[in-house]
Amino acid sequence: PYREHVEKGLNYIFSKASIIDINVQPAGDPDTNGNGKGVCFGIDPWHRTYETSIAMMAIAASRAPERVVNVPGSAVDGWKYKDVLQDAVDYMAFGQNDAGDWWRGGWGYKHNDDERGSDQSNTGWAAFGLGFAESPAYGFMCTIPAFVKTEMNIWIDYIQNDVDGDTNDGGAGYTDPNGWVNILKTGHLLYMMKFVGDNAATPRVQDAVAYIVRHWNDANVDPGWRGAPGEVAGYH
């Protein structure tokens, strides 16, 4: 009964697509299909990681890789959904922050964000978008450049708080492992760990789970989620 609404939503997303040129990065080549292009979504270039990642999840959830975009005026009009999503993957791989500073392997608000660096909120959403695109459950099974997971693994190790006896042990910070640690970003961390190949027995996974268990019933919205009725948590 909601078919028309879903189609309109997807068409809106496709109407906000942009095509950008991509090239080889220090960690590897993001261009899986050799067309030299990446697809991103959104109006504000300063929020393209957020918007592109979530748009990728929606496209994958259509479970319609062979469906053709029919949005006159869209940069991807006439493309198959699977081709749009693969070039979105390529864009995300292109936009992953490079070696050279603490932000290596994560994502910032825009591609190759050397102004603000990486943060765990943007990086978590990037992992969701890539994970949905790759997952056989949705039928797209996009190719993720191998270097993306290798580099993301570096960020995971950096942003997870060291287990040294304090309340933040095993949790994930925002731009550093000791700052603004909470359940939401640690949930992102667990998804990222799964994405790069960890399992439930991996020690750092157990540390992250232990953090969430420890703070699950905190009577607040940050780092917990059980604040007073009407209290709203920050979007991070």
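Mentor: Start with how elements are named: helices (H or I, at least four residues) and strands (E, at least two) are DSSP runs, numbered from the N terminus. In those terms, P223 lies in the segment after α7 (203-215). This is a predicted model, in which local features need pLDDT of at least 70 and side-chain atom pairs count only at pLDDT 80 or more, while totals for chains, interfaces and linings use all residues. Residues are numbered from 1 along each chain as its sequence is written, and side-chain values use heavy atoms, with hydrogens and water left out.

Trainee: What elements does the chain have, and in which pattern?

Mentor: The chain has seven helices and two strands. Along the sequence the pattern reads α-β-β-α-α-α-α-α-α.

Trainee: Why is the chain called as compact as a globular protein of that length?

Mentor: The radius of gyration is taken over C-alpha atoms, and the globule rule is 2.2 Å times the number of residues to the power 0.38. For 236 residues the rule gives 18 Å, and the chain's radius of gyration is 18 Å, close to that value, so the description applies. The C-alpha atoms fill a box of roughly 55 × 45 × 35 Å along the principal axes.

Trainee: Which peptide bond is cis?

Mentor: A cis peptide bond joins D222 and P223, with omega about 20 degrees.

Trainee: How do you know that Y50 is buried or exposed?

Mentor: Y50 has 10% relative accessibility, so Y50 counts as buried. Y50 lies in helix α2 (residues 48-61). The C-alpha atoms of Y50 and W125 are separated by 6.3 Å, although these residues are 75 apart along the chain.

Trainee: What makes a set of residues a nonpolar core?

Mentor: The set must consist of buried Ala, Val, Leu, Ile, Met, Phe, Trp, Tyr and Cys residues joined through side-chain atoms within 4.5 Å. The largest such core here has 50 residues, of which F14, F41, I59 and L130 touch the most other members. Its largest share, nine residues, comes from helix α3 (residues 81-95).

Trainee: Which residues does F14 touch?

Mentor: Contact means heavy atoms within 4.5 Å. Leaving aside residues up to four places away in sequence, F14 touches F41, I59, V69, V71, S74, V76, Y81 and V84.

Trainee: At what angle do helices α5 and α6 pack?

Mentor: Axes are lines fitted to C-alpha atoms, for helices over the stretch in contact, and angles run from 0 to 180 degrees between N-to-C directions. Helix α5 (residues 146-159) and helix α6 (residues 183-196) pack at about 145 degrees, with their axes 10 Å apart. Residues in the contact include W155 and I156 of α5 and M192 and F195 of α6.

How values were computed: Buried < 20%, exposed > 50% of the residue type's maximum accessible area, 1.4 Å probe, protein only.
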